[in-house]
Amino acid sequence: MTNSAAGEGTIASLFGDSSLTEAERAIAEMRAGRPVILAQAGRLFLVASAEFADAGRLAALNELTGGALQLVLTPARLRALGRPEWAQPMAIPASELASARVQALIAQDMSGLAGNGLDEDLVEPDQSAAAALQLATLALMLPAVLMGPLAPAALTLPALTVRAEAITGFGEDRATRVEIVSRAPVPLLTARNCEFVVFRGGEGMREQVAVIVGTPDPARPVLVRLHSACLTGDLFGSLRCDCGDQLRTTVASMAKAGGGVLLYLDQEGRGNGIANKMRAYRLQSDGLDTYEADETLGFDLDGRRFDFAAAMLRQLGFERVVLMTNNPEKIAALTRAGLQVSGVERAHGRRGDDNIRYLAAKRDRAGHFLDLDALDHHAPTSCG
């Protein structure tokens, strides 16, 4: 091996896959409110989250893009603004937009909307817009970006440069890259014999937890629950959803059956993050259902993926599962990942005045297997 090759090997061992490194750094920059330079097909674009669009940033971005700054919105957000004809992202020329208008158009402060809200002309953005929107979503920001071609005078900016293909390929690259980093026994109120196994990985390199309840036998189909984190429901007993009930009842059922695995996945707000979940909750308080609220913010029906959940189960030695879920997409995702779904058991929660519309929306909009009349027979009597 030459010295050069040895040096490349050493660098690779320290920094890993360059595409993943680019994407992870770009996500961090976006979350910090700093713009990045997006490179595609020999062209350079300055991209920033629209959440941080105050007057000073708008002026600076407009100058650095030679007056060609655009506000790019998703089809879901355009529908909410009364423009349902677009099936792809579209842009609004932003050089004349005031910061308050930007905040209204991205659903951060909708008090500034008039009528259906969109009086401005729409133009087709550059093909890089898809990667820019994906970067904002990966960073758990609102799916709306300010972007424009980098002016020649701005080529010396101290901004991170990321290739568009590094962003678009990031989800697939990270989908099955999870590794165990720690584990320990943790007795629970409803299941004393439990082990928590912490993984690091999935999109955003966040930490995922497997709770092994009892002593499940890998030679037989194991009870499995894929549970997306819900701070409000799981921890505080929110009456707006049924998540906390599902969490506790499935763990108790696993303990009673002698074993199972609950995967506690860092996917707050159907993958959109806690800040966007609270924005959606505010819209629900104004009368929208859970999916309408997410779409008003510009998100698709469900931003989660479950590839890495299958990878976690495999690392724990489980290939055949009985899935405890009402969500058909979880069944399909594990099947696509090559696991054998030997059976399905429903995950019951309480039904009440505060969550009946939420439950009905999951049934009607996302096809969840829910019999609302039967839920009262299965609901726990307290948050305990």
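This is a predicted model: local features need pLDDT of at least 70, side-chain atom pairs count only at pLDDT 80 or more; totals for chains, interfaces and linings use all residues.

Colleague: How many disulfides does the structure hold?

Modeller: A disulfide requires a pair of cysteine sulfur atoms within 2.5 Å. Cys 230 is in no disulfide, for the nearest cysteine sulfur, that of Cys 241, is 3.8 Å away. For the structure, the number of disulfides is 0.

Colleague: Is Cys 230 buried or exposed?

Modeller: The term buried is kept for residues under 20% relative accessible area. Cys 230 has a relative accessibility of 3%, and therefore counts as buried.

Colleague: Which elements give two or more residues to the largest nonpolar core?

Modeller: This core has 33 residues, of which Leu 71, Leu 73, Ile 92, Val 102, Ile 106 and Leu 146 touch the most other members. Val 102, leaving aside neighbours within four places in sequence, is in contact with Ala 50, Ala 53, Leu 58, Leu 71 and Leu 97. The elements giving two or more residues to the core are strand 2 (43–49), helix 3 (55–64), strand 3 (70–73), strand 4 (90–93), helix 5 (99–105), strand 5 (144–149) and helix 11 (274–285).

Colleague: Which elements give two or more residues to the nonpolar patch?

Modeller: The patch, of about 500 Å², is a surface feature made by Leu 231, Leu 235, Phe 236, Ile 274 and Met 278. Of these residues, Met 278 is found in helix 11 and is partly exposed, with a relative accessible area of 36%. The elements that give two or more residues to the patch are helix 9 (231–235) and helix 11.

Notes: Residues are numbered from 1 along each chain as its sequence is written. Side-chain values use heavy atoms; hydrogens and water are left out. A nonpolar core is a set of buried Ala, Val, Leu, Ile, Met, Phe, Trp, Tyr and Cys residues joined through side-chain atoms within 4.5 Å. Buried means under 20% relative accessible area, exposed over 50%, partly exposed in between (1.4 Å probe, protein chains only). Helices (H or I, at least four residues) and strands (E, at least two) are DSSP runs, numbered from the N terminus. Contact means heavy atoms within 4.5 Å. Patches are made of residues with over 30% relative accessible area and no salt bridge: like charges are joined within 9 Å, nonpolar side chains (Val, Leu, Ile, Met, Phe, Trp, Tyr) within 5 Å. Accessible areas come from the Shrake-Rupley method with a 1.4 Å probe; for residues, only the protein chains shown count as cover. A salt bridge is a side-chain nitrogen of Lys or Arg within 4 Å of a carboxyl oxygen of Asp or Glu.
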